[in-house]
Amino acid sequence: MKPYEKAGRLFIFLGWLSLIMGAAAVLGPIILGGFSIADPVSLVPLISLSIILVGLSIFQLKVGAAIKAHKDWGRVAGIVLGIIQLIGFPIGTILGIYILWCLLKGWDK
């Protein structure tokens with residue numbers, strides 16, 4: 001397996017993980033009773049969070065598929081997301097370095 005395919009798989013994994021974590025972050029407080037469905041104003045932060053997390057998840061899934069398909073825009077978006085990933089110390093930093101290594105070194109024209 002080529003390095004860029006590994007990076008694509010990692011982005012797809014992170015996209016699904018983000019989607020699952022987003023669902024848990026939104027549904028958890030509702031199920032545990034932290035927010036009342038009867039009061040729609042209290043749900044605005046949860047709805048905003050869910051929209052952001054679903055959008056990010058879909059974007060990561062699309063970038064992962066584009067990288068696996070060896071598309072140039074996927075590589076550029078993956079590098080940008082890899083750089084952003086470096087902020088999340090320590091696990092995000094490790095993942096970001098691995099993503100950047102796979103996309104910079106393993107991308108053959």
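Where does proline 90 lie? Proline 90 sits in the loop between α3 (72-85) and α4, where helices (H or I, at least four residues) are DSSP runs numbered from the N terminus. This is a predicted model, in which local features need pLDDT of at least 70, side-chain atom pairs count only at pLDDT 80 or more, and totals for chains, interfaces and linings use all residues. Residues are numbered from 1 along each chain as its sequence is written, and side-chain values use heavy atoms, with hydrogens and water left out.

**How α1 meets α4**

- Two packed helices are described by the angle between their axes and the distance between the axes.
- Helix α1 (residues 3-32) packs against helix α4 (residues 91-105) at about 140°, and their axes are 8 Å apart; axes are lines fitted to C-alpha atoms over the stretch in contact, with angles running from 0 to 180 degrees between N-to-C directions.
- On the α1 side, the contact (heavy atoms within 4.5 Å) is made by Pro3, Tyr4, Lys6, Ala7, Leu10, Phe11 and Leu14.
- On the α4 side, Leu95, Tyr98, Ile99, Cys102 and Leu103 take part.

**Helix α4 itself**

- With 15 residues, α4 reaches 21 Å from its first C-alpha to its last, close to the 21 Å expected at 1.5 Å a residue; the expected span is 1.5 Å times one less than the number of residues.
- Its buried residues (under 20% relative accessible area, 1.4 Å probe, protein chains only) are Gly92, Thr93, Gly96, Ile99, Leu100, Cys102 and Leu103 of α4.
- The cover over the buried residues of α4 includes α1, α2 and α3.

**Backbone points in the loops**

- Most residues other than glycine have a negative phi, and most peptide bonds are trans.
- The peptide bond from phenylalanine 89 to proline 90 is cis, with omega near 0°.
- Histidine 70, in the loop between α2 (44-68) and α3, has a positive phi near 65°.
- Histidine 70 counts as partly exposed because its relative accessibility is 26%, and partly exposed runs between the buried limit of 20% and the exposed limit of 50%.

- Serine 57 is in helix α2 and counts as buried, because its relative accessibility is 0%.
- Leaving aside residues up to four places away in sequence, serine 57 touches Gly15, Ser18 and Leu19.
- Isoleucine 47 is also in helix α2, but counts as partly exposed at 45% relative accessibility.
- Isoleucine 47 and valine 26 are 21 residues apart in sequence and 7.5 Å apart in space, C-alpha to C-alpha.

Note on methods:
Helices (H or I, at least four residues) and strands (E, at least two) are DSSP runs, numbered from the N terminus.
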